[in-house]
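This report describes the structure shown below, beginning with the chain as a whole and then turning to individual residues.

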Amino acid sequence: LAGDHQQLAATVKSSKAQQLGLDRTLFARLIEQYGDDVAALLSIQYRMNETIMGWSSRSFYGSKLEAATSVASRILELSEVPAANLVGDTVDAMRSPLLFVDTGGLALYREDGQEEPSQS
């Protein structure tokens, strides 16, 4: 078997399915049952820029991942010229391989439709 217990599990909305453990991946269950001895880290990844990979490497893999040289510096090029009012840090951010955008206050991106997070 090949897989990764650190990757996102499926979104399971059924509470019955969650109770049956179907919100956890096969690999997560194998690691829980048998420990790390049943896993081997494939440390070179071939899919993403090293900046993007670096975040997940630090966050989930103890900084053990390496980006293959064929993808390490690959970025998407903007096909459009940025608007004239976008300058400096904004344009640099748009050209960055990794950008976090806080959408928490935008109703469009919230399941509850609220403009602001609830104050519970």
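## Overall architecture

Of the 120 residues in the protein chain, 16% are buried, where buried means under 20% relative accessible area, exposed means over 50%, and partly exposed lies in between (1.4 Å probe, protein chains only). The model is predicted: local features need pLDDT of at least 70, side-chain atom pairs count only at pLDDT 80 or more, and totals for chains, interfaces and linings use all residues. Residues are numbered from 1 along each chain as its sequence is written, and side-chain values use heavy atoms, with hydrogens and water left out.

The protein chain contains 4 helices and 2 strands, taken from DSSP runs numbered from the N terminus (helices: H or I, at least four residues; strands: E, at least two). Their order from the N terminus is α-α-β-α-β-α. Contacts are defined by heavy atoms within 4.5 Å. Among contacts between residues at least 6 apart in sequence, 29% join residues at least 24 apart.

## Nonpolar core

The largest nonpolar core comprises 5 residues, namely M53, Y61, L65, A67 and A72. Such a core is a set of buried Ala, Val, Leu, Ile, Met, Phe, Trp, Tyr and Cys residues joined through side-chain atoms within 4.5 Å. In soluble globular proteins, nonpolar side chains tend to be buried together.

Y61 touches D4, Q6, Q7, L41 and S56, with residues up to four places away in sequence not counted. S56 belongs to helix α3, which spans residues 50–60. S56 counts as buried because its relative accessibility is 13%. Beyond its neighbours within four places in sequence, S56 is in contact with Y61 and L65.

## Surface and aromatic pair

The protein chain exposes about 10,000 Å², of which carbon and sulfur atoms supply 53%; accessible areas come from the Shrake-Rupley method with a 1.4 Å probe, and for residues only the protein chains shown count as cover. W55, F60 and F100 make a nonpolar surface patch of about 330 Å². Patches are made of residues with over 30% relative accessible area and no salt bridge, like charges being joined within 9 Å and nonpolar side chains (Val, Leu, Ile, Met, Phe, Trp, Tyr) within 5 Å.

A search of the whole structure finds 1 aromatic pair. The pair is formed by W55 and F60 and is edge-to-face, with 5.8 Å centre to centre and 85 degrees between the planes. Rings of Phe, Tyr and Trp (its six-membered ring) pair if their centres lie within 6.5 Å; planes under 30 degrees apart count as stacked, over 60 as edge-to-face and the rest as tilted. F60 lies in helix α3 and is partly exposed, at a relative accessible area of 39%. W55 is also partly exposed, with a value of 36%.

## Salt bridge

One salt bridge is found in a search of the whole structure. It joins the side chains of E32 and R24 (2.6 Å, N to O), the criterion being a side-chain nitrogen of Lys or Arg within 4 Å of a carboxyl oxygen of Asp or Glu. E32 is exposed, with a relative accessible area of 56%, whereas R24 counts as partly exposed at 32%.

S63 is found in the loop between α3 and β2 (66–67). Although S63 is not a glycine, its phi is positive, at about 60 degrees.

L99 is placed in the segment after α4 (89–95) and counts as partly exposed at 49% relative accessibility. L99 and I52 are 47 residues apart in sequence, with a C-alpha to C-alpha distance of 9.1 Å.
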